Amino acid sequence: MKKRNPKSAITGLIGHLSLKTSVEKKASLELTSLLTRTNLESGTEPNRPNPFSFEKSDLFQSDTISDSQKKAIQKIEEARKKKNPDTQFKVFRREVSLRDPLISQSVSDWSAGSKVDETVGPFKNKDGRQFWFDFLPIGAFTALYKQGITSPVLLFQERKSSGKASIKAREATRKLHQYNLGQGGVWINARLFSPNAPEGAFTGLSIKSGLIKMSHPTKTVNKKITLPANAKIEVELKLEQQEVKDINKKSPYGKAAAAMVLNLPATLDFNISGNTASISAIGRASWDLMGQKIGFSWQKNQSLSYHPLLKRILIPFQGSAKALNLQQNESDFNFLSNKALIENTGWLLPITQLDLLQPTFPEGTGQLYVRTGPGLVNSWAGLQGSGFNLSQTHLLAGPGQLLLVDFSVSNAHASQELELWKTEDQLVPSKVQLTFPQSGPLIYLSHANGNELLIRFCNTDFQVDRPVKVDGTPPLLQSRHSLLILSATPENRLVYLFDDNLIADTAEIENQDPYIPEQMALAMSNALFKVTQPNGCLLFGELDENFSKVSEGFLFLSFGLLAYIPTLPDPYAANLGLVRRQFREGENQPGGAGATLQGWLIGRTAWSAGDAGDQVTVSFHFSPLEQLFGGISLDQPEEEPGTNPATPGPANFSSIPGESAFVGSNFSDLENPGSRLSAMRFSGNLEQSNVIGSNDNTRLASSTSSTAPIRIPDYGSQWDKESSRYRRDVFALLDVSTNADLFGISFDLLNRREFQVDTERDPATGEIFYSFFSLQVQGLDVVSAGENVRAFTVPQISWEPVINLTPPLPPPDDPISGDPAAGFNYYPNDGGPTRIANNSEDKVVLAPLPLTDFLLEKRKNEENFKAFSFFTLPFGMKAAALLTENYRYNNVNREGG
């Protein structure tokens, strides 16, 4: 069995929770305790819903986890290692307040229809969503197989007993080819009831007791208890109806479910012959719902079926009423009224994709089911216009929970407006208009614990004032068939709105095929992003009591990222360097100009109520496709023929060949590639270079007797070779205003392999984890680790021409090789820019003033902080300096300056 990394699983579950209230912090202690007893290693089942695209952005990187959550994760890890308990639970983190197989964010295939022992929550995540953690106990079941059927036909629990007499009794019953079942659960292969049920699916029932009789004795085949293919099985079950817990009679929501009186079947008898199960007897059932009592009785000789829309096994029943007449509306949120003829009734059993190695317990004994024709009308708080005329209503009643579904309903005259934010200086509030002209499902849930949930698809029209394009206008935001979820709980009211194909929706709205997405530019404080129009939209928030104002919320928009252009806040000069390669024309980039999608730029608008208007913040975050900025290659371009490298001295200085001046340097104990320049160790060690020692002076002095002059080493080439990795730039920007005193920044990675998005797939779950390109966006600032960002300015010294007043003697009398010629000597340049690099991994804004403040603050407060500078000195000299609190020179520890 493939295993997960427990730490990775725990981090994914709780890493980005935002625990602010005392209630949340207290509940987190219970959550921590339960996670120490939860199976997080084995299995391939997901323990949370599929992530949204923005969850892969740098907003959710591991380095953004709060210190409190890091401690909680560590505490759980240590407790699991110390206690080493037997796993008692599986866990699933849902994102809505109620559970049902029709709601993908509430259960997974393996947890639907399974018993929840403990629920902890809600907890608020950093993005505004609320999470509930369901802990499902793991049971010990006996699996019974039949030859010719791959999956077990039954999983059951024998009656518990102790002592020698009980052992003899169990052996006696097995000789009679039967099993006595005790209180617990039974799982039945769903395909025995309906051949169109999903493969590997089971339907479960909670029981008080039961009996399994077999026509043939069992045999152990490949460690499995197996019956021959022609064996017949008789099953008699006394069912145990699920107990309703946490009834909240004070809540204004969930009243219908709390007041409902429900009696599910108490017995079930069925036979298994071949690969089919047939029912021989089922007990009666009834409900008292919204002022109407209906009795249910089993219809013999009616075939069972799997209902793919409801995701349940349907057992036909006969209802005592011909029409559903809802006489009492018992909700302050959802309003269901009128009456409709009953078309079908039955008993529904949920299905589960069961883990046979660690099976969970069944949730209960199913739900009673009524399907009606047209007639019922449904509306909800905040909806304007007439309600929805339901065409075919599916009503499911289970212990403590009522589910209403219509899979095809529309209302062109209904609408709902949600105000989003309104700042103090904003005349018209930002809002979203919801309409419902398209046919689609409507799902409503009511629970006795005081929660209600409504799901509907809608069209949206956002009228917001941010984020804005470079021209100051917001992007157009319209959608078709967006998912709307409204939740009413005793604590608050929530809204979820989601759409991930806005570009396709725009094509439909404008009736264009093919449709070319609009391109636009978004300006940050220090960057310009070329993007497509938004393609994804995600809204989470808390609603007021009237379900009309999002008092606190988050709006995420995903833009297709085409190109990144670094800028500075004030006037600047730029060398975009390798960044220009985003705009190269090529086979895959028609017309160039950044036509290839590099990744996603996630825009987040967050707001909450303030003293004078709402407090609104906008931030952006990178989210990768496979490789962010994949269009940029970091390989240096080939030099043009005939070009020479820049020389650090007079025009004829570095053209003189010679041996390396650094051959004798010892780099055996260098800590990393970024800790070295020439003979200096930026880890804190400095060693003398053997470029010119005392013996070299003797050698040079004696060279006068040589017939040919000894040429000096080519210091310029050696400097270029040893310092090139610190002087290369992906891009460089120089402020030319007076605000930053001609300071700028340059950017490069010491390890250029980091200039990509690395992906790693979890072998058990298949989930992809990302490590991101070293640029990130925090708020409206592009940032990176300090080690990637250098302070950048003009040369410190201007290398002006000099005059050599003492011309060298002609060979062989000239004692010093390399002495410049007499007269004017010119330098080809001023030696290149001044750079100050550093070793910090903390994030810094790519702008000169934040960077200089960063360097000063780190130098003052962090003992292990190191900066190193490359600068020029007079007369063609170049220098490097290490700035650190402590360093080592010639094996002696010394204090830095």
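Here are some questions and answers about this predicted model.

User: Before we start, how are residues numbered, and what pLDDT do local features need?
Analyst: Residues count from 1 along each chain as its sequence is written, and side-chain values use heavy atoms, with hydrogens and water left out. Since the model is predicted, totals for chains, interfaces and linings use all residues, side-chain atom pairs count only at pLDDT 80 or more, and local features need pLDDT of at least 70.

User: How many helices and strands are there in the protein chain?
Analyst: Both are DSSP runs numbered from the N terminus: helices are H or I with at least four residues, strands are E with at least two. Going by that, the protein chain has 10 helices and 54 strands.

User: What percentage of the 897 residues is buried?
Analyst: Buried means under 20% relative accessible area, exposed means over 50%, and partly exposed is in between (1.4 Å probe, protein chains only). With that cut-off, the buried share of the 897 residues is 50%.

User: Is Leu354 buried or exposed?
Analyst: Leu354 sits in the loop between β21 (339-353) and β22 (367-372). Contact means heavy atoms within 4.5 Å, and beyond its neighbours within four places in sequence, Leu354 is in contact with residues including Leu155, Trp187 and Phe202. Its relative accessibility is 10%, so Leu354 counts as buried.

User: Where is Leu805, and is it buried or exposed?
Analyst: Look in the loop between β47 (802-804) and β48 (823-825) for Leu805. Because its relative accessibility is 73%, Leu805 counts as exposed.

User: How many disulfides are there?
Analyst: A disulfide is a pair of cysteine sulfur atoms within 2.5 Å. Take Cys458: the nearest cysteine sulfur, that of Cys537, is 9.9 Å away. By this rule the disulfide count is zero.

User: Is Cys458 buried or exposed, then?
Analyst: Cys458 is in no disulfide. Its relative accessibility is 2%, so Cys458 counts as buried.

User: What is omega near in the peptide bond from Asp513 to Pro514?
Analyst: Pro514 is placed in the loop between α7 (502-510) and β31 (519-523). The bond from Asp513 to Pro514 is cis, with omega near 5 degrees.

User: What is phi of Phe547?
Analyst: Most residues other than glycine have a negative phi. Phe547 lies in the loop between β32 (527-543) and β33 (550-566), and it is buried because its relative accessibility is 1%. Although Phe547 is not a glycine, its phi is positive, about 55 degrees.

User: Is Asp246 buried or exposed?
Analyst: Asp246 is in the loop between β11 (232-239) and α6 (255-259), and its phi, near 55 degrees, is positive. With a relative accessible area of 63%, Asp246 is exposed.
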